Amino acid sequence: MPARDGLELPRSQRLSFSGSLAELHRDDLTEDGVVLSIGGAEQSHVEVGDPGFLLHDYLIRMAAVLQTCARERLSAGGTQAPQVLHLGAGALTLPRWLEHHFPGVEQTVLDIEPELVEFVLDHLPMHTRPHSLIADAATAIAPGGVLHGRTFDVVVVDLFNSAEAPAQLTSAEFHSRAFEQVAPGGVLLMNLGDEPPMDFVRAQVASLLEAWAGPGDGDDSGDSGDSGDSGDAALLSAPADVLEARAEGNLTFAARRSAPLEQTELNAIWAAGPHPGDVLSGEELHQWARPATRGFPRKTSH
């Protein structure tokens, strides 16, 4: 019997901040799938009983980055557990995946809806409940905010992913402050989305690259920023037709603080798929982010 059959779906909860209705219901694309919808729009898929399963393209790409670029930090032992921050909760699909693959991590989840995390966990529990914060993400990481001054091994930003996003979540200031939450050697992951000609997401990537060049390491060496060019420490992974501005979709931006991405890492992330897709970095990424760009130079190999 599918594990979800014991959940008595559908379930629903009115969210007080937006007034929208959150619903958990069956997803018949998979045997044990459950979908979280908010206001009628699908937000997240959870495979009950198999937290290692990811359905959506952008989450598979995020997982490939984590397995390749953050594995050592997330697997580290010692007295301090690896710290992961999620700005945006959804149905906690990626936190479940992280708990499954890296059980020693300590996770903090922030969402603006007071009822959402409790509603999801009441019906789709995790082995270890993440720390839950209720706040606007931009306010939380600003001076005086609940997260200001803290750093994490991984920061995941999965909020609004289209041009309809609130301005405070797409500004250069927000990007800079999100990077400041990342510890030296840590990784930032951001879910972006757009439709052709991708003007919104190109501008977002350009802003992120500029912001990424700014944060210092917090040491006394006198170095005012991160080592190397911002594009060498950042990547963009997405389906090929989305990168070529032929289809709407999600794109995964990732960057590692104070440590450039090696070609072997980029190759491994590309190989992990899904395919057809591509991974842009360095000058190719900067070129893609320019407003006049339509498509990008085709790679012949990885």
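**View 1. Trp97 is a buried residue in an aromatic pair**. Trp97 has a relative accessible area of 3%, so it counts as buried (under 20% relative accessible area, with exposed over 50% and partly exposed in between; 1.4 Å probe, protein chains only). Phe102 is buried too, with a relative accessible area of 3%. This is a predicted model: local features need pLDDT of at least 70, side-chain atom pairs count only at pLDDT 80 or more, and totals for chains, interfaces and linings use all residues. Residues are numbered from 1 along each chain as its sequence is written, and side-chain values use heavy atoms, leaving out hydrogens and water. Trp97 and Phe102 form an edge-to-face pair, 6.2 Å centre to centre, with 65 degrees between the planes.

**View 2. Phe179 and Trp212 form a tilted pair**. Phe179 lies in helix α6 (residues 172-180) and Trp212 in helix α7 (residues 199-212), so the pair ties together parts that are 33 residues apart in sequence. Helices (H or I, at least four residues) and strands (E, at least two) are DSSP runs, numbered from the N terminus. Both Phe179 and Trp212 are buried.

**View 3. The charged end of Arg202 sits over the ring of Trp288**. The distance to the ring centre is 4.6 Å. For this term, NZ of Lys or CZ of Arg must be within 6 Å of the ring centre and within 35 degrees of the ring normal.

**View 4. An open sheet has 4 strands**. Their order is β1-β2-β3-β4, and the pairing is antiparallel (two strands pair if DSSP finds at least two bridges between them). β1 (11-14) and β4 (41-47) stand at the edges with a single partner strand each, so one side of each has no neighbour in the sheet. β1 and β2 (residues 21-27) pair over 4 bridges. Gln13 has Ala22 in β2 as its bridge partner.

**View 5. Ser44 is in strand β4**. Ser44 counts as buried, at 10% relative accessibility. Its side chain reaches the backbone nitrogen of Ala91 at 3.1 Å. Leaving aside neighbours within four places in sequence, Ser44 is in contact (heavy atoms within 4.5 Å) with Val34, Val35, Leu36, Gly90, Ala91 and Thr93.

Conventions
Rings of Phe, Tyr and Trp (its six-membered ring) pair if their centres lie within 6.5 Å; planes under 30 degrees apart count as stacked, over 60 as edge-to-face and the rest as tilted. A polar contact is a pair of N or O atoms within 3.5 Å; within protein, one must be able to donate a hydrogen and the other to accept it, and residues adjacent in sequence count only if both atoms are side-chain atoms.
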